[in-house]
Every structure is written in structure tokens, then in C-alpha cells.
Amino acid sequence: MSESGSSAPKVLMLHGYSQNASIFSKRVAALRKSFGKDLELVFVDAPLVLHPVDLTGHGASADAFGAAEASTASDDPALTPRGWWKTDLTRTRTDGLEESIAQLRDILRGQRFEGVFGFSQGAALAALLAGLLERPHLHPPFLVDGEAPHPPFKFCVAVSGFKIAGPLSASVFADGYATPTLHVLGKNDILVVEERSRKLISVSAGKRVEEHEGGHFVPSKASWRTFLKAYMLNPTGNVPSPGLSSASQPASGASTPLTY
């Protein structure tokens, strides 16, 4: 787990499939620099280490993952590709999701976070985690001494997010969730298309939706840096929209495979 050690409000950062805490931190370096000492971004490694079959078994090339520095052959933990769960072409399996939730429970019981920020698979989990903190008794293993491990988040940011499959997600989102959530969509995102993100948006009572002109990445142009910082410091305030950013912006978040 990576953090800056400041006394600023903490934001739990959940990376995308095939990334890890170190890679995600580097991909959003412009955001980190812009936030300065106003927000402390805490980057967390997913517990599942990915193997070559997890990266190539569904027809996605290495480039499609967007994390060229990740390596299944390296002993360097900063290069180890990770995921919050594994799935298949049907997208109905969520192997390892409960392990990830247990890990996050243990992190939440020891620290206090203002909110959560996730990208792609991490965004899907961020929204589920926000909903679960509102109704923790829906998943008894999430409880600590019969109670939630952490108060509900004040905000959630879901970039290229989607609704997780499976019974836990169906239960948590049955009546929607209330945590103020910023849903960021790429108009040219071909990995998490708008239709998939809209299924998550439909259960988000406290939703705000913003789009950028690019693809599957965290937008980090100046207008977006300003907007994201302002939103996270005042998620229920009247924060001006960042507007649409250029599709030519280099990817600041790693792409994820078609089957996450």
C-alpha cells in the first residue's frame, strides 16, 4: 500500500485490471501533483496476482492492457500485474472478489478515508464498496464485530466503471446506493462502452456523470485536474463541469482486457 503520510483527507485508490498500486500511481502522476497536500491518495494492491493466461487467455494483446511495464516474469513487485477478481468471456464469474473485499475490509478498519477513486475494474469495485458500506450486513464477512469496518464514504469516483456481475452486487444494488458518485466516461472507450457504464449509473442515486472525448483512461488535462480536485473536496457542491477533453490525450490509466 502506497501513501504520502500527510494529514490531508485520504482517498482510497483502486487500480484497474493488470495494473498494481505502483503502476496506477505513476499513471495518475499529473493528478497527484495537482492535488498537492490537499488530498492524500492511498494506492492499494489488489490481492490477486495475474499469470500469463490471465493476460492473454481471452485474445487481448499486451498493448490492450495498457500496462507495458507489468511483467509476470519479474520478481519486482512494482511490475507484478494484479486484479481484484478474475472472470471469463461471459463476464459472469467473479473469482477472487470475496478475497479482495476482505482485504479492503481490513484496510478500512485501520484507516479513515473521505472517499474512494477507482479506474475500470477498480471503479466497479469502488462503487460496490461504497454501496456495501451503506448496507454492510448484506455481506456478513465484511463486518467487524458485527458492524461496518468504516463509515460510508463521502464520495466515490468511478472512471470507466461498470456494474459487477453476481449475487453480491445484485443484493447491494437492489435498491440502488446513495453515496455521491462521479461517473467518468470516455466517449471513445471501446473496452468499457457507455452501455456497460450506464448499468452502474442506473443504480447510483447520488450520481454525477461527466464525459471526456478520449478512450479508456483517467483524464488528466488541466481542466480535469482542477475539476476532480474540486469534486473530491466538495462532492455535493456546485462544481463547474470540466468540459470535453481532447481524444488525443495520452492514456493516463491502463487499459483493461475485454473480459474483466
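In the predicted model, six strands form an open sheet in the order 2-1-5-6-7-8, with parallel pairing, where two strands pair if DSSP finds at least two bridges between them. Strand 2 (40-44) and strand 8 (207-212) are the edge strands, each pairing on one side only, and neighbouring strands of this sheet are turned by 20 degrees against each other on average, direction ignored. Helices (H or I, at least four residues) and strands (E, at least two) are DSSP runs, numbered from the N terminus. Residues are numbered from 1 along each chain as its sequence is written. Because the model is predicted, local features need pLDDT of at least 70 and side-chain atom pairs count only at pLDDT 80 or more, whereas totals for chains, interfaces and linings use all residues, and side-chain values use heavy atoms, with hydrogens and water left out.

Within the sheet, strand 1 (residues 10-14) and strand 5 (residues 115-119) run parallel and are joined by four bridges; Met 13 has Phe 117 of strand 5 as its bridge partner. Helix 6 (residues 121-134) lies across strand 1, strand 5 and strand 6 (155-159), running at about 150 degrees to strand 5, with contact meaning heavy atoms within 4.5 Å and angles running from 0 to 180 degrees between the N-to-C directions of axes fitted to C-alpha atoms, for helices over the stretch in contact.

Eight salt bridges were counted, each a side-chain nitrogen of Lys or Arg within 4 Å of a carboxyl oxygen of Asp or Glu. One of them joins the side chains of Asp 54 and Lys 86 (3.0 Å, N to O). Asp 54 lies in helix 3 (residues 52-56) and Lys 86 in the loop between strand 4 (82-83) and helix 5 (97-110), so this pair ties together parts that are 32 residues apart in sequence.

One cavity of 30 Å³ or more was found, a cavity being a set of points, on a 1 Å grid over the protein atoms alone, where a 1.4 Å probe fits but cannot get out. The largest cavity holds about 30 Å³ of space, the volume being that filled by probe spheres set on the points, which are joined across faces, edges and corners. Its lining (residues with an atom within 4 Å of a point) includes Ser 160, Leu 185 and Glu 194.

Methods. 1 Å grid on protein atoms, 1.4 Å probe; cavity = no way out; pocket = protein on both sides within 12 Å on 5 of 7 lines; lining within 4 Å.
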